[in-house]
Amino acid sequence: MTETTQKCGLVAVVGAPNAGKSTLVNALVGQKVAIVSPKAQTTRVRLMGVAIDGETQLLLVDTPGIFEPKRRLDRAMVSAAWGGTEGADVLALVVDAKGGLGAKVTDIAESIKDRSEPKYLILNKVDLADKAKLLLHAEKLNAQVDFAETFFVSATTGDGLVELKAHLAKAMPEGPWHFPEDQVSDATERSLASEVTREQLYLQLHAELPYASAVETEQYKEREDGSVEIHQQILVERPTQRAIILGKGGSRIKEIGARSRTELAAIMGRPVHLYLHVKVKPGWDEEREVYRDMGLDWVD
């Protein structure tokens, strides 16, 4: 393949929380690059997944869900979402077809209506949705926004993804690839390690610890035997939250660590030694350095 035959472009994946954006990006890439959980607002920072379709490299920007921000962290996440759309060749609005069209969805649609980029509407979770309502959702949104294409997909089952990927590839401009063929994300292993542990907090604690935690990778070093040693700090606001994460006799944090370690070893392809500790830090979401470590801009 010569450089002149290559195509490469950026697809900004936007939508309301829990629309399935991260699951969709992972499915298009072909492996996990973004954390997912049933909890809304799991994604906090902009992350790029790199997918390939023939001679085209798709740079898929998985953005945090766009919602009405109430705290500084919320504002930083929404700012990161809109920032992730800059320079996009295609804006892809992902909608939870099962959840229907609420004010969050129509507000986002209104926000992108007058943008010049080609816009794709992706109705996700069609395997769970009321089939009779799918066309009504598509009709209503297409009446609001001039979408170039509309797709009905399930990121979980794979339905419609081959067609979606092919259309996205066709819309990309000619140009050299930005990443090597075997690279699937722009995330560093250090930041990925923090995200995997945060995912386990969401998956194992569910409603017990909503959004009152952050994970910082304090040390990341390679051992002589080729394995990786990672030390992470889990920040919470109150002692009761620390107790929840630790669990009885430390059972919960051991399980969080074990599952994170297993997943990281599979992703990195080498043994991982993971050490977790929990620190009570009231007001951690008001400290600039925490935002910097998370990869978020400080917003007033």
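**Contacts along the chain**

I started with contacts (heavy atoms within 4.5 Å). Among those in the chain between residues at least 6 apart in sequence, I found that 72% join residues at least 24 apart. A note to keep at hand: this is a predicted model, where local features need pLDDT of at least 70 and side-chain atom pairs count only at pLDDT 80 or more, while totals for chains, interfaces and linings use all residues. Residues are numbered from 1 along each chain as its sequence is written, and side-chain values use heavy atoms, with hydrogens and water left out.

Next I looked up the secondary structure, which comes to 9 helices and 9 strands. Here helices (H or I, at least four residues) and strands (E, at least two) are DSSP runs, numbered from the N terminus. I then checked burial: buried means under 20% relative accessible area, exposed over 50%, and partly exposed in between, with a 1.4 Å probe and protein chains only. Of the 300 residues in the chain, 51% are buried.

**Nonpolar cores**

I went looking for nonpolar cores, meaning sets of buried Ala, Val, Leu, Ile, Met, Phe, Trp, Tyr and Cys residues joined through side-chain atoms within 4.5 Å. Which residues touch the most other members of the largest one? They are Leu-93, Val-95, Leu-121, Leu-141 and Phe-147, in a core of 29 residues. Two or more residues come from each of strands E1 (7-15), E2 (47-53), E3 (56-62), E4 (90-96) and E5 (119-124), and from helices H3 (103-112) and H4 (131-144).

Leaving out residues up to four places away in sequence, Leu-141 touches Val-95, Leu-101, Val-105, Ala-109, Leu-121 and Phe-147. There is also a second, separate core of 23 residues, with Leu-24, Val-29, Phe-151 and Leu-161 among them.

**One aromatic pair**

For rings of Phe, Tyr and Trp (its six-membered ring), a pair needs centres within 6.5 Å; planes under 30 degrees apart count as stacked, over 60 as edge-to-face and the rest as tilted. That rule gives 1 aromatic pair. The rings of Tyr-120 and Phe-151 have centres 5.5 Å apart and planes at 45 degrees, so I logged the pair as tilted. Tyr-120 sits in strand E5 and Phe-151 in strand E6 (residues 149-152), so to speak distant parts of the chain, 31 residues apart. Both Tyr-120 and Phe-151 are buried.

**H1 against H5**

How do helix H1 (residues 21-29) and helix H5 (residues 161-171) pack? Their angle is about 80 degrees, with the axes 11 Å apart. Axes are lines fitted to C-alpha atoms, for helices over the stretch in contact, and angles run from 0 to 180 degrees between N-to-C directions. H1 and H5 are therefore roughly perpendicular to each other, a class that covers 65 to 115 degrees, with under 35 roughly parallel, over 145 roughly antiparallel and the rest oblique. Leu-24, Ala-27 and Leu-28 of H1 meet Leu-161, Leu-164, Lys-165 and Leu-168 of H5.

I also counted burial in H1: 7 of its 9 residues are buried, so H1 is largely enclosed by the rest of the structure. The buried ones are Lys-21, Ser-22, Leu-24, Val-25, Asn-26, Leu-28 and Val-29. After H1 comes Gly-30, with a positive phi near 100 degrees.

**The E7-E8-E9 sheet**

I moved on to an open sheet of 3 strands in the order E7-E8-E9, with mixed pairing. Strands pair if DSSP finds at least two bridges between them. Strand E7 (213-222) and strand E9 (272-280) are the edges, each with a single partner strand, so one side of each lacks a neighbour in the sheet. Neighbouring strands are turned by 20 degrees against each other on average, direction ignored.

E7 and strand E8 (residues 228-236) pair in the antiparallel sense over 9 bridges; Gln-219 has His-231 in E8 as bridge partner. Helix H6 (residues 189-205) lies across E7, E8 and E9 and runs at about 140 degrees to E7. Helix H7 (residues 239-246) packs on the sheet too, touching E8 and E9, and makes about 155 degrees with the direction of E9.

Last, I noted Asn-18, which has a positive phi of about 70 degrees although it is not a glycine. Asn-18 lies in the loop between E1 and H1 and is partly exposed, at 32% relative accessible area. Lys-125, in the loop between E5 and H4, has a positive phi near 65 degrees. Lys-125 counts as buried, at 19% relative accessibility.
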